[in-house]
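Trainee: Could you walk me through this structure before we move on? I would like to go through it piece by piece.

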Amino acid sequence: MNLDMIYLDMIYLDHAATTPVKPEALQAAWPWLTSDFGNPSSSHELGHRSAVALEQARATVAKFFNVRASEVTFTSGGTESDNLAIIGLALANPRGKHIVSARTEHEAVLSALDFLERMHDFEISWLELDEFGQVLNFETALRPDTTLVSLMIANNEIGTVHDIAHLTNEAHKVGALFHTDAVQAVGWIDLDVKKLGVDALSISGHKFGAPKGSGVLILRAGAKAEPLIHGGGQESGLRSGTENVAWAVAIATALELLAPVDEEAQRVARLRDEFIQKVQQLVPSAKLTGHPINRSPNIASFTLQGVSGEAVLLELERKNVIVSSGSACAAGSDEPSHVLVAIGVETEIAQTAIRFSLAHETTADQLDAAAHALAESVANFI
Ligand code: PLP
């Protein structure tokens, strides 16, 4: 069966959940799974070739983030990068065992913090947030003994963007380290790590055309972290285990393929705003969630008042429009989105949430069709 036939008419607007692997990334990875299958730690030529490919991939990633190659660690994805950054930095630099974060973070961050609280007696201060998910009390939440701040750049459900460069600067004034989950920001927001000033930054390959199970943690020189996985000492001892050369090459290739953020972000943000306007015209009950301006270019998220987000998702799927009813991890569960609850949305309303997430390839026609499909779907339930 030709899979292309099945997906020909599909309008896929769930790129924040995952993206298709770019053919170039797969092609670049292929030799490292087949003819050039050597272990990068082996002394023979086959191993040496893999080691060279791995280091070339590392250099490409380093260039993208404007850091040194020694500051790049390949991981198995966003979840591992978040855990390694948060648990690794906290255990290596305990100071006052105090961490500042927000309840709108991804589960990968929240669960790592929960582990530190339960198993290592860390205290977590949760930031106060406004109705858009913006931080209200950053300076007062910091303490002279704060170990670490973990705050994402762009929220995966509501798209709200934090001013990480400013917040990092404030955190550094009290000597705290700063980790940012940049999983949803790649390709949409400038991720020059020197400009951001962060000590650690996590990304996940499958959000921008690399395979699932590929990720990177940028850890600045000087920021010491305890490894989570112990063994042969690969990745400078930070992440033992034979390196996944193919996925490292794929993630580096996918990063290289991204268009410069400045023009691209503005172009897609315009498409997104037209889409938001159209949805609000056609579905008067639709209320935008997240900040209207400080939001990632690719995310348009709404609550629908009185109509279950999950039911609308299924109805949209019947019309070949693929979206999410919140975060992918919460899909299928009746639990309201923890992000919406954290910004004060009532449980009942939170259960009506729906998220459209765009790609660079998304067209105005696709968005127009999606807005009309949404209007028809919602109308079915009223
Ligand atoms: N952080 C954010 C903001 C995410 O959106 C995701 C994935 O949805 C993750 C972390 C986890 O990344 P991965 O799926 O690569 O483990």
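**A buried arginine, a ligand and some helices**

Mentor: Let us start with a polar contact of 3.2 Å, which the side chain of Arg355 makes with the side chain of Asp14. Please keep in mind throughout that this is a predicted model.

Trainee: Okay, and where does Arg355 sit, and is it buried or exposed?

Mentor: Arg355 lies in strand β12, and it counts as buried because its relative accessibility is 2%, where the cut-off for buried is under 20%. The C-alpha atom of Arg355 is also separated by 6.8 Å from that of Glu157, although these two residues are 198 residues apart along the chain.

Trainee: Switching to the ligand, which residues come nearest to it?

Mentor: There are 13 residues around the ligand, and those that come nearest are Gly78, Thr79, Asp181, Ser204 and Lys207. Sorted by class, the shell is made of two nonpolar, eight polar and three charged residues.

Trainee: Which helix gives the most to that shell?

Mentor: That is helix α4, which covers residues 78-92 and gives three residues to the shell around the ligand.

Trainee: What distances do you get for Gly78, Asp181 and Ser204?

Mentor: For Gly78, a polar backbone atom is 2.8 Å from an oxygen atom of the ligand. In the case of Asp181, an N or O atom in the side chain is 2.6 Å from a nitrogen atom of the ligand. For Ser204, a polar side-chain atom lies 2.6 Å from an oxygen atom of the ligand. As for the ligand as a whole, it exposes 390 Å² when taken alone, and the protein buries 87% of that.

Trainee: Tell me about Ser204 itself: where is it, and what does it touch?

Mentor: Ser204 is found in strand β7, which runs over residues 200-204, and it counts as buried because its relative accessibility is 3%. If we do not count residues up to four places away in sequence, Ser204 touches Gly77, Gly78, Val183, Ser214, Gly215 and Ile251.

Trainee: You mentioned Ile251 there, so which helix residues are buried in α9?

Mentor: The buried residues of α9 are Val245, Ala246, Ala248, Val249, Ala250, Ile251, Ala252, Thr253, Ala254 and Leu255. That makes ten of the 13 residues, so α9 is largely enclosed by the rest of the structure.

Trainee: And what do they pack against?

Mentor: The buried residues of α9 pack against α2, α3, β2, β7 and β8. From its first C-alpha to its last, α9 reaches 18 Å, which is close to the 18 Å expected at 1.5 Å a residue.

Trainee: How many residues does α14 have, and which of them are buried?

Mentor: Helix α14 has 17 residues, and it reaches 25 Å from its first C-alpha to its last, close to the 24 Å expected at 1.5 Å a residue. Its buried residues are Leu367, Ala370, Ala371, Ala373, Leu374, Ala375, Ser377 and Val378. What covers them includes α10, α11, β11 and β12, and β12 is the strand in which Arg355 lies.

Trainee: Last topic: which residues have a positive phi although they are not glycine?

Mentor: Two examples are Ser236, with a positive phi of about 55°, and Gln305, with a positive phi of about 50°. Most residues other than glycine have a negative phi.

Trainee: Where are they, and are they buried or exposed?

Mentor: Ser236 lies in the loop between β8 and α9, and it counts as exposed because its relative accessibility is 78%. Gln305 is found in the loop between β10 and α11, and with a relative accessibility of 46% it counts as partly exposed.

How values were computed
Residues are numbered from 1 along each chain as its sequence is written. This is a predicted model: local features need pLDDT of at least 70, side-chain atom pairs count only at pLDDT 80 or more; totals for chains, interfaces and linings use all residues. Side-chain values use heavy atoms; hydrogens and water are left out. A residue is near a molecule or strand if one of its heavy atoms lies within 4 Å of it. A polar contact is a pair of N or O atoms within 3.5 Å; within protein, one must be able to donate a hydrogen and the other to accept it, and residues adjacent in sequence count only if both atoms are side-chain atoms. Accessible areas come from the Shrake-Rupley method with a 1.4 Å probe; for residues, only the protein chains shown count as cover. Helices (H or I, at least four residues) and strands (E, at least two) are DSSP runs, numbered from the N terminus. Ala, Val, Leu, Ile, Met, Phe, Trp, Tyr, Cys and Pro count as nonpolar, Asp, Glu, Lys and Arg as charged, and the others, Gly among them, as polar. Buried means under 20% relative accessible area, exposed over 50%, partly exposed in between (1.4 Å probe, protein chains only). Contact means heavy atoms within 4.5 Å. The expected span of a helix is 1.5 Å times one less than its number of residues.
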